[in-house]
Amino acid sequence: MGDILMRTTIFLSYTHADKAIADILETKLTALGYEVKRDIRNVEQWDNLQQFMKSIRKQDYALFLVSDA
């Protein structure tokens with residue numbers, strides 16, 4: 001059996017007012033080989049947003065996009 005390649009995961013936290021910036025960050029990080037966890041893509045894996053937010057502890061890193069919004 002071959003080794004399973006585990007990608008480094010990043011939990012991206014942001015306000016939906018900053019979705020365009022979050023999209024750019026996700027694109028850049030994915031191009032660098034990271035697996036980006038976002039509510040708009042990954043909340044289906046959990047039953048609700050609250051459970052998704054708790055999954056932050058399971059990720060390798062958390063990136064918080066902070067703005068005036």
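Reply: Let's start at L25, which is found in helix α1. This is a predicted model, so please read everything below as a description of that prediction. Is L25 buried, exposed or partly exposed? L25 counts as partly exposed, because its relative accessibility is 27%, and a residue must be under 20% to be called buried. Leaving aside its neighbours within four places in sequence, L25 is in contact with L12, L63 and L65. Take L65 from that list: L25 and L65 are 40 residues apart along the chain, yet their C-alpha atoms are separated by 9.4 Å.

Now follow the contact from L25 to L12. L12 belongs to the largest nonpolar core, which has 6 residues: I10, L12, Y14, A22, L29 and V36. Helix α1 (19-31) and strand β1 (9-13) each supply at least two residues of this core. In soluble globular proteins, nonpolar side chains tend to be buried together.

Strand β1 is the next stop. With 5 of its 5 residues buried, β1 is largely enclosed by the rest of the structure. Which way do its residues point? I10 and L12 point one way from β1, while T9, F11 and S13 point the other way, and all are buried.

What does β1 pair with? The open sheet of 3 strands has the order β2-β1-β3, with parallel pairing. The edge strands, β2 (35-37) and β3 (61-64), each pair on one side only. On average, neighbouring strands of this sheet are turned by 30° against each other, direction ignored. On the β2 side, 3 bridges join β1 to β2, and the two run parallel. The bridge partner of I10 in β2 is V36, and I10 and V36 are also both listed in the largest nonpolar core. On the β3 side, β1 and β3 pair in the parallel sense over 4 bridges. There, F11 stands opposite A62 in β3.

T9 counts as buried because its relative accessible area is 10%. Its side chain makes a polar contact with the side chain of Q59, at 3.0 Å. Leaving aside neighbours within four places in sequence, T9 is in contact with E35, K37, K58, Q59, D60 and Y61.

M6 lies in the segment before β1, and M6 is exposed, with a relative accessible area of 69%. M6 and Y34 are 28 residues apart along the chain, and their C-alpha atoms are separated by 9.8 Å.

Finally, let's step back to the whole protein chain. The secondary structure comes to 3 helices and 3 strands, and read along the sequence, the chain follows the pattern β-α-β-α-α-β. Of the 69 residues in the chain, buried residues make up 28%. Among contacts between residues at least 6 apart in sequence, 63% join residues at least 24 apart.

How values were computed. Residues numbered from 1 in each chain as written. Predicted model: local features only at pLDDT ≥ 70, side-chain atom pairs only at ≥ 80, totals over all residues. Heavy atoms only, no water. Core = buried A, V, L, I, M, F, W, Y, C linked by side-chain atoms within 4.5 Å. Buried < 20%, exposed > 50% of the residue type's maximum accessible area, 1.4 Å probe, protein only. Pairing = 2+ DSSP bridges. Axes fitted to C-alpha atoms, helices over the stretch in contact; angles between N-to-C directions. Polar contact = N/O pair within 3.5 Å; in protein donor to acceptor, adjacent residues only side chain to side chain. Contact = heavy atoms within 4.5 Å.
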